[in-house]
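Thank you all for coming this morning.

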Amino acid sequence: DTSIRYAILLAAAATGAFTAGVVLESKSLLPAKVNTAFILALVWCLMIGGFAITTNYYMAVALLFFAGFVDLAFNAMTRTLAQIHAPPDLRGRAIGLYNVGSLGMRTFSGITVGVGGGYIGIHWSLGLSVIVLFFAIMALFVYCTRRSEKPDAA
């Protein structure tokens with residue numbers, strides 16, 4: 001039944017996120033570091049990209065499980081980093097801006113993937129979106145890494 005199979009896909013992502021919450025709270029496996037957040041985002045892209053191209057239902061379930069795990073780990077880490085690095089007097093505003101940006105981009109991506117999917121097919125639309133996101137994250141990662149390696153000009 002298609003509706004049950006779809007529900008299992010959704011449940012796989014949710015179960016992955018739940019598992020991440022339990023595992024990450026019980027052990028200190030992922031310290032909150034900017035480089036780790038970038039790597040988690042790149043791994044998430046790979047999981048979603050794999051989901052977009054797979055034709056095997058069981059592989060799709062596994063990829064969504066791991067995507068849910070990585071998604072929760074990434075979001076928890078980036079919210080922590082935003083709180084740590086925000087100036088105390090602007091912390092509330094910075095977290096608010098982070099949340100609006102994060103949720104707004106998710107909404108916008110749903111529209112672009114959906115509209116694009118109407119033209120080229122949902123798998124291609126999702127796959128191309130993931131590729132664009134992957135390279136954007138890589139560019140930001142390289143930029144931030146180079147910036148942090150430069151000595152401060154005094």
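Leaving aside its neighbours within four places in sequence, with which residues is Ala41 in contact? Once those neighbours are set aside, the residues in contact with Ala41 are Phe74 and Ile137. Please keep in mind, as we go on, that this is a predicted model.

Let me stay with this alanine for a moment. Ala41 sits in helix H2, and because its relative accessibility is 9%, while the cut-off for buried is under 20%, Ala41 counts as buried. If you follow the chain for 26 residues from Ala41, you come to Ala67, and the C-alpha atoms of these two residues are 9.8 Å apart.

Now let us go to the loop between helix H2, which covers residues 34-53, and helix H3, which covers residues 57-85, for that is where Thr54 is found. Is Thr54 buried or exposed? Its relative accessibility is 19%, and since buried means under 20%, Thr54 counts as buried. A polar atom of the Thr54 side chain lies 3.2 Å from the backbone nitrogen of Asn56. If we again leave aside the neighbours within four places in sequence, Thr54 is in contact with Met59, Ala60 and Leu63.

With those two residues in mind, let us step back to the whole protein. The secondary structure comes to 5 helices and 0 strands, and along its principal axes the C-alpha trace spans about 65 × 40 × 25 Å. Of the 154 residues, 27% are buried, and the protein exposes about 10,500 Å², of which 71% is supplied by carbon and sulfur atoms. When we take the contacts between residues at least 6 apart in sequence, we find that 68% of them join residues at least 24 apart.

As for charge, the protein carries 10 positive and 6 negative side chains, and the centres of these two sets lie 3 Å apart.

Finally, a word on the predictor's confidence, which is given as pLDDT. The average pLDDT for the protein is 89, and 97% of the residues score at least 70. Among the elements, helix H2 has the highest mean pLDDT, at 94, whereas helix H4, residues 91-120, has the lowest, at 85.

Key. Residues numbered from 1 in each chain as written. Predicted model: local features only at pLDDT ≥ 70, side-chain atom pairs only at ≥ 80, totals over all residues. Heavy atoms only, no water. Helix = DSSP H or I, 4+ residues; strand = E, 2+ residues; numbered from the N terminus. Buried < 20%, exposed > 50% of the residue type's maximum accessible area, 1.4 Å probe, protein only. Polar contact = N/O pair within 3.5 Å; in protein donor to acceptor, adjacent residues only side chain to side chain. Contact = heavy atoms within 4.5 Å. pLDDT = per-residue confidence, 0-100. Areas by Shrake-Rupley, 256 points an atom, 1.4 Å probe, with all protein chains shown as cover. Lys, Arg positive; Asp, Glu negative; His and termini not counted. Charge placed at Lys NZ, Arg CZ, Asp CG, Glu CD.
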